[in-house]
Amino acid sequence: MQTLQVTLLNIWKNFLKHTPYLVAGFLVLILTWVITHLFSSMGHRFFNFRRVRRSLRELIIRLINITIWLGGLLLATMFWFPGLTPTTALGGLGIVSIAIGFAFQDIFANFFAGILLLWQFPFENGDFIECQGITGKVESIDIRMTQIRLTTGELVIVPNSTLFKNPVNVLTNRPHRRITITTGIAYGENISESVGVIEKAVKNCNTVESSQPIEIFPQAFGSSSIDIEVTWWTGNTPLDIRRSPGEVVTAVKESLDEAGIEIPFPYRTLTFKEPLVTELKNSRSSA
């Protein structure tokens, strides 16, 4: 019991002796937290003033915050363990990083993929993208994952490595997108006149971008009609891609009807090998 009491007393004395170092370490962490928050708020204001694009701004601020936290943790560790030198701490940190890298390689792959995505800025928050069957609006690009809101309303969390390794179709990379539909006129109609009627109808549509060309070409001899390809430009969102064809199809149908130009139904001509024998039967009414 006496030996146990002496041991506990020595532990308590050593703890009290080391308490200032522990307090100093925690103060360093608190100061690090304060510095990172101040830098984040000031950094956003500074980069907004310089008109730096959002993805690059977020990347720079996050990397600097990570660097500040690493420095604060290293300094706090040196306070908690007075015999620890910066060289020893960095060496131990390197060994630990290698072990963690092997254990969490997928997480680090997403981390570095997020850095490259933010640095290369292939898309920003608010863009509509398509990747691996996922189509939606980018709501947030984080270091490890990207949040995509589907056109049906669901939120999908996509690892950044998936977006980095696979082709990504940025639907809103340009302000306008091109749409092509095919219509048809009867073989007996005048093709040049029909093309003019269709072109006028498309130009009068509100969803058609007037600054971009409208292309209308007779395309092929169909089974029951002359096929005409109609191409125009509209907005870049999925809603625009759905709304504009509806307006154009309606306008073209109404214009062709007003001009008396037939949009034919499929015709079928039946040919029999032997002549058909027809009989005329007289019906007798009974009194």
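Guide: Start at Met 42, which lies in helix α1. Helices here are DSSP runs of H or I of at least four residues, strands are runs of E of at least two, and both are numbered from the N terminus. This is a predicted model: local features need pLDDT of at least 70, side-chain atom pairs count only at pLDDT 80 or more, and totals for chains, interfaces and linings use all residues. Residues are numbered from 1 along each chain as its sequence is written, and side-chain values use heavy atoms, with hydrogens and water left out.

Met 42 is exposed, with a relative accessible area of 57%. Exposed means over 50%, buried under 20%, partly exposed in between, with a 1.4 Å probe and protein chains only. Met 42 belongs to a nonpolar surface patch with Val 23, Leu 27, Ile 30, Trp 33, Val 34, Leu 38, Trp 69 and Leu 73. Together they have about 860 Å² of accessible area. Areas come from the Shrake-Rupley method with a 1.4 Å probe; for residues, only the protein chains shown count as cover. Patch residues have over 30% relative accessible area and no salt bridge; nonpolar side chains (Val, Leu, Ile, Met, Phe, Trp, Tyr) are joined within 5 Å, like charges within 9 Å. A salt bridge is a side-chain nitrogen of Lys or Arg within 4 Å of a carboxyl oxygen of Asp or Glu.

Two helices, α1 (2-50) and α2 (54-80), each supply at least two residues of the patch. The most come from α1, with seven.

Now the interior. In soluble globular proteins, nonpolar side chains tend to be buried together. The largest nonpolar core here has 21 residues. Such a core is a set of buried Ala, Val, Leu, Ile, Met, Phe, Trp, Tyr and Cys residues joined through side-chain atoms within 4.5 Å. Ile 198, Val 202, Val 230, Trp 232 and Val 248 have the most contacts inside it. β6 (176-185), α6 (191-203), β8 (226-235) and α7 (238-258) each give two or more residues to this core.

Take Ile 198. Not counting residues up to four places away in sequence, Ile 198 touches Thr 183, Ile 216, Ile 228, Val 230, Val 252 and Leu 256. Contact means heavy atoms within 4.5 Å. A second, separate core has 13 residues, among them Ile 115, Ile 129, Val 138 and Ile 148.
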